[in-house]
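Please consult the sequence and structure shown below while reading.

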Amino acid sequence: MATYRLPKVLNEVIRSHRDQFIRPVQPKNGVGAFVFPCRKLVFNYCERSGSSKSMMEYLQKEATRFASENPQIEVVVQPRPSKHPIVRAFYTNGEQKTKCVRRCSAGEIPEVIKSLRDHSGHKLHRWNRYVISDTPSVRGIYSPFHDKAVYSISDLKTK
């Protein structure tokens with residue numbers, strides 16, 4: 001069986017225009033796709049510490065259920081000797097958030113984990129304006145309660 005080779009000029013053209021045809025796809029939220037913002041949760045605890053008792057209880061009873069319900073999140077359990085228990089979340093935008101759960105009971109830890117899971121990963125900041133727009137309105141934000149007169153459909157039909 002004979003192999004066919006492209007001429008050298010064609011190989012150079014294909015190589016120079018390859019980037020036009022093959023583009024790296026970055027995960028984005030949009031139509032038909034949803035990328036979960038939390039990608040990894042790390043549970044750190046001490047095996048001997050009393051402050052880690054509720055964390056170890058949670059890990060023994062409910063951590064496997066959480067991991068099976070959220071397959072899109074990587075769950076890692078690591079011992080951290082002589083330290084308080086923490087839960088660290090890593091997000092797709094490169095940020096990370098850490099919560100200490102030393103004073104939480106085993107029933108409160110799922111709430112902390114849920115808040116870390118549902119967080120977008122962006123830093124919290126205060127908005128100075130209520131509406132963010134490229135073309136701000138001179139009149140302000142419209143509200144139907146600004147109009148003093150009350151109209152009904154029967155009033156419009158009689159005129």
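## Burial of the cysteines

A residue is called buried when its relative accessible area is under 20%. Cys46 has a relative accessibility of 4% and therefore counts as buried. Cys38 is buried as well, because its relative accessibility is 1%. A search of the whole structure finds zero disulfides.

## Confidence of the model

The model is predicted. Over the protein chain the pLDDT averages 81, and 67% of the residues score at least 70. Among the elements of the chain, strand 3 (residues 86-91) has the highest mean pLDDT, 96, whereas helix 2 (residues 18-21) has the lowest, 57. Where pLDDT is low, the predicted coordinates should not be read in detail.

## The largest nonpolar core

Which residues touch the most other members of the largest nonpolar core? They are Leu41, Phe43, Met55, Tyr58, Val87 and Ile113, in a core of 19 residues. Two or more residues each come from strand 1, helix 3, helix 4 (63-69), strand 3 and helix 5 (109-118). In soluble globular proteins, nonpolar side chains tend to be buried together.

Ile113 illustrates the contacts made across the sequence. Leaving aside residues up to four places away in sequence, Ile113 touches Leu41, Phe43, Tyr58, Phe66 and Val87.

## Aromatic rings

The count of aromatic pairs comes to one. In this pair, the ring centres of Phe43 and Tyr58 are 6.2 Å apart and the ring planes lie at 40°, so the pair is tilted. Because Phe43 lies in strand 1 and Tyr58 in helix 3 (residues 53-61), the pair ties together parts that are 15 residues apart in sequence. Both Phe43 and Tyr58 are buried.

Is Asn44 buried or exposed? Asn44 has a relative accessible area of 5% and is therefore buried. The residue is found in strand 1 (residues 38-45).

Which residues does Asn44 touch, not counting residues up to four places away in sequence? The contacts are with Met55, Gln78, Arg80, Pro85, Ile86 and Arg88. One of these, Met55, is also among the residues that touch the most other members of the largest nonpolar core.

Notes: Residues numbered from 1 in each chain as written. Predicted model: local features only at pLDDT ≥ 70, side-chain atom pairs only at ≥ 80, totals over all residues. Heavy atoms only, no water. Disulfide = S-S within 2.5 Å. Buried < 20%, exposed > 50% of the residue type's maximum accessible area, 1.4 Å probe, protein only. pLDDT = per-residue confidence, 0-100. Helix = DSSP H or I, 4+ residues; strand = E, 2+ residues; numbered from the N terminus. Contact = heavy atoms within 4.5 Å. Phe/Tyr/Trp six-rings, centres within 6.5 Å; stacked < 30°, edge-to-face > 60°. Core = buried A, V, L, I, M, F, W, Y, C linked by side-chain atoms within 4.5 Å.
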